[in-house]
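Here are my notes on this one, point by point. Have the viewer open while you read.

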Amino acid sequence: SNSPYPCHQTTPQTKAAMASRSAVGALASSVVRRAMMNNSSSASLTQARRFAAGGHGPGQTYAGLTLREPPFIYKALGQLAGATMWFWVFYRFYHDGDAFINGHDSHWMHDLIEEEKKKLKA
């Protein structure tokens, strides 16, 4: 509360709000933890973890986080999405590349070009 900025100073109302948020979070996590311990056996918990992780081998563990190889379908969908993105980028560059490189024409240039087209038709 020694901050020179009024928005950084805590009031009794903000302290009460922060305390209630932390109490609700602690209560919710303890309720979930208790429900998991009471209602699930270790076999079903292991099976749920296996299904959630995809079950593709042991994976690489670093700092408590295990990263597994994704299934083929996710790799294929990622490649398809990337290819579609690059196709769209090159397609737009092919059709609008001059505007991308040189910028758009000035507003009076459009009128001059239309007048020249009319003269050529006549």
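1. Ground rules. Numbering starts from 1 along each chain as its sequence is written, and side-chain values use heavy atoms, with hydrogens and water left out.

2. Confidence. On pLDDT (the predictor's confidence in each residue, from 0 to 100), the chain averages 75, and 53% of the residues score at least 70. Helix α2 (residues 42–53) has the lowest confidence, at a mean of 50, while α3 has the highest, at 92. Where pLDDT is low, predicted coordinates should not be read in detail.

3. Layout. I count 4 helices and 2 strands, in the order α-α-β-β-α-α along the sequence (DSSP runs numbered from the N terminus: helices are H or I, at least four residues; strands are E, at least two).

4. Surface. The chain exposes about 11,300 Å², with 63% of it supplied by carbon and sulfur atoms (Shrake-Rupley method, 1.4 Å probe; for residues, only the protein chains shown count as cover).

5. Salt bridges. There are 3 of them (a side-chain nitrogen of Lys or Arg within 4 Å of a carboxyl oxygen of Asp or Glu). E114 pairs with K117, the closest N and O atoms being 3.9 Å apart; both sit in helix α4 (residues 107–121), 3 residues apart, about one turn of the helix. K117 is partly exposed too, at 45%. In helix α3, D96 and R92 are 4 residues apart, and their closest N and O atoms are 2.3 Å apart. K75 and E69 form another salt bridge, at 2.5 Å; K75 is partly exposed at 40%, as is E69 at 46%.

6. Aromatics. The count is 3 aromatic pairs (rings of Phe, Tyr and Trp, the last by its six-membered ring, with centres within 6.5 Å; planes under 30 degrees apart are stacked, over 60 edge-to-face, the rest tilted). F87 and Y91 are stacked, 6.1 Å centre to centre with 25° between the planes. They are 4 residues apart in helix α3 (residues 72–102), so about one helical turn separates them. F87 is exposed at 56%, whereas Y91 is partly exposed at 36%. Together with W88, F87 and Y91 make one aromatic cluster.

Note on methods
This is a predicted model: local features need pLDDT of at least 70, side-chain atom pairs count only at pLDDT 80 or more; totals for chains, interfaces and linings use all residues. Buried means under 20% relative accessible area, exposed over 50%, partly exposed in between (1.4 Å probe, protein chains only).
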